Amino acid sequence: MKTIKKSILFVAITMLATMFNWSCEDSNDDAEVPFISYVRITNPASADSLLVAANQGQWIAIIGGNLQTTREIWFNDQRASLTPAYITSATILVGMPSEIPAVVTNKIKLIFADGDSLLYDFRLTINKPVISSMDCEYTLDGEMATIHGDYFYLPVAVTFPGNLTVSTEDGADIMTVNEANNLITVRVPEGAQPGQIIISTNFGAQISDFWFRDNRNMIEGFDSSDPGTAGTLVTDPGPDDPPIINGKYTRIIKPAMGSWDWTQVYVRWSAPYYAIPDEAILHPDQYYYKFEVCTTKPFNANGVRGWVTDPSVQSSTPEPMFYIWKPPFDTKGAWQTVTIPLTDFSNALGSFFPKVLPTGEYFSAFVFCEPGELNCDMSFDNFRIVPKTIPKPPGSDY
């Protein structure tokens, strides 16, 4: 009888020990199972800003546990790029893919080193278009304009001022978008007017911060009787001249422009000087200095000095108190818009950058006068100082 009791006791203890081991193994397994608690933005100061969706390219923080063996992250059917240093047991920092998914699951999928995976509900928000710049803001009617930006997802429509809309559905001879979805080539419709352009996709619309054929705050357009240029005013271009894009322009042809050879693109030595908005003088960081240029021969030597200053001190500004537009630059015979932050002028001029004047008129000049011999054949037009951004129309979704 004692032997039977001992046997029963041994079996019971063995079973309890086995059950305990199973329990411990289950507990350990549970402790090692990866999980996601929530997703938030990456700024630690805004750690309580939880997300259920994020934009293309946006960085997010995935918060959970046992995530250290993550090898792949997928958003819908697009694989994200992972940086090992951004993966810990509790956090993964990752950028959302920029590509549009072909299959939408609205899920994050984590794949681990052992091949297991984990799903979590999360949406990718498709970005509306972003408009950065236009190669030439004065592209002629019927000519092809090139627009840079991002998220130009087909089908795409471009609306020019005058409510003239063309789209990729009009055919490749009218409009195309590159494979990276960041460049549009579009034929400018007849009758286009000065103003902002609008680009639309199925995911939204955006209005440009620049004007097409910008005629605001023009400093020098070479249409006055005394533009102060060392070049030739072109009013009726011949077969070898660049085309007219906005009235007259100046063409400077000087095959042997030597070092320090003073050659004026424009300058006005006496009143009336050039009208510049007070806001541009007060806040140069909010403005651009722009012009159109056509290099029939490359700008590959010398340099151009630029001034924006008080007329009373323009003749006494010491060296080197001017901005220098430096080579190389080559438009290969086409007109192109040059955009320079006005802060480049204010920083170069220092204390000689002007204060606001009651007259609203300032001395401004653009003059070749730097070292190096240049075989110069360059045309210029439409010098202007314009805002970097434009307030969006009230009530718009742009």
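This is a predicted model: local features need pLDDT of at least 70, side-chain atom pairs count only at pLDDT 80 or more; totals for chains, interfaces and linings use all residues.
Me: What do Asp377 and Arg251 form with each other?
Reply: Asp377 and Arg251 form a salt bridge, in which the closest N and O atoms are 2.8 Å apart. Asp377 belongs to strand E29 and Arg251 to strand E21, which covers residues 249-257, so this pair ties together parts that are 126 residues apart in sequence.

Me: How many salt bridges does the structure hold?
Reply: The structure holds 14 salt bridges. One of them joins Glu137 to Arg384, with the closest N and O atoms 3.0 Å apart.

Me: Where do Glu137 and Arg384 sit in the chain?
Reply: Glu137 sits in the loop between strand E11 (130-134) and strand E12 (144-150), while Arg384 sits in strand E29 (residues 374-387), and the pair therefore links distant parts of the chain, 247 residues apart.

Me: Why does Glu137 count as buried?
Reply: Glu137 has a relative accessible area of 2%, and buried means under 20%.

Me: Where are Phe160 and Phe212?
Reply: Phe160 is in strand E13 (residues 157-160) and Phe212 is in the loop between strand E18 (204-207) and strand E19 (218-220), so that pair links distant parts of the chain, 52 residues apart. Phe160 is buried with a relative accessible area of 1%, and Phe212 is buried with a relative accessible area of 0%.

Me: Why is the pair of Phe380 and Phe383 stacked?
Reply: The ring centres of Phe380 and Phe383 are 6.2 Å apart and their planes are at 25 degrees, so the pair is stacked, given that planes under 30 degrees apart count as stacked. Both of these residues, Phe380 and Phe383, are buried.

Me: Back to the loop between E18 and E19, what does the side chain of Arg213 make with Asp141?
Reply: Arg213, which lies in that loop between E18 and E19, makes a polar contact from its side chain to the side chain of Asp141 at 2.6 Å. Arg213 counts as buried at 14% relative accessibility, and, leaving aside neighbours within four places in sequence, its contacts include Glu137, Tyr138, Val188 and Pro194.

Me: Last one, which residues is Val130 in contact with?
Reply: Leaving aside neighbours within four places in sequence, Val130 is in contact with His148, Gly149, Asp150, Tyr151 and Phe152. Val130 is found in strand E11 and is partly exposed, with a relative accessible area of 36%. From C-alpha to C-alpha, Val130 and Tyr151 are 6.4 Å apart in space, although 21 residues apart in sequence.

Notes: Residues are numbered from 1 along each chain as its sequence is written. Side-chain values use heavy atoms; hydrogens and water are left out. A salt bridge is a side-chain nitrogen of Lys or Arg within 4 Å of a carboxyl oxygen of Asp or Glu. Helices (H or I, at least four residues) and strands (E, at least two) are DSSP runs, numbered from the N terminus. Buried means under 20% relative accessible area, exposed over 50%, partly exposed in between (1.4 Å probe, protein chains only). Contact means heavy atoms within 4.5 Å. Rings of Phe, Tyr and Trp (its six-membered ring) pair if their centres lie within 6.5 Å; planes under 30 degrees apart count as stacked, over 60 as edge-to-face and the rest as tilted. A polar contact is a pair of N or O atoms within 3.5 Å; within protein, one must be able to donate a hydrogen and the other to accept it, and residues adjacent in sequence count only if both atoms are side-chain atoms.
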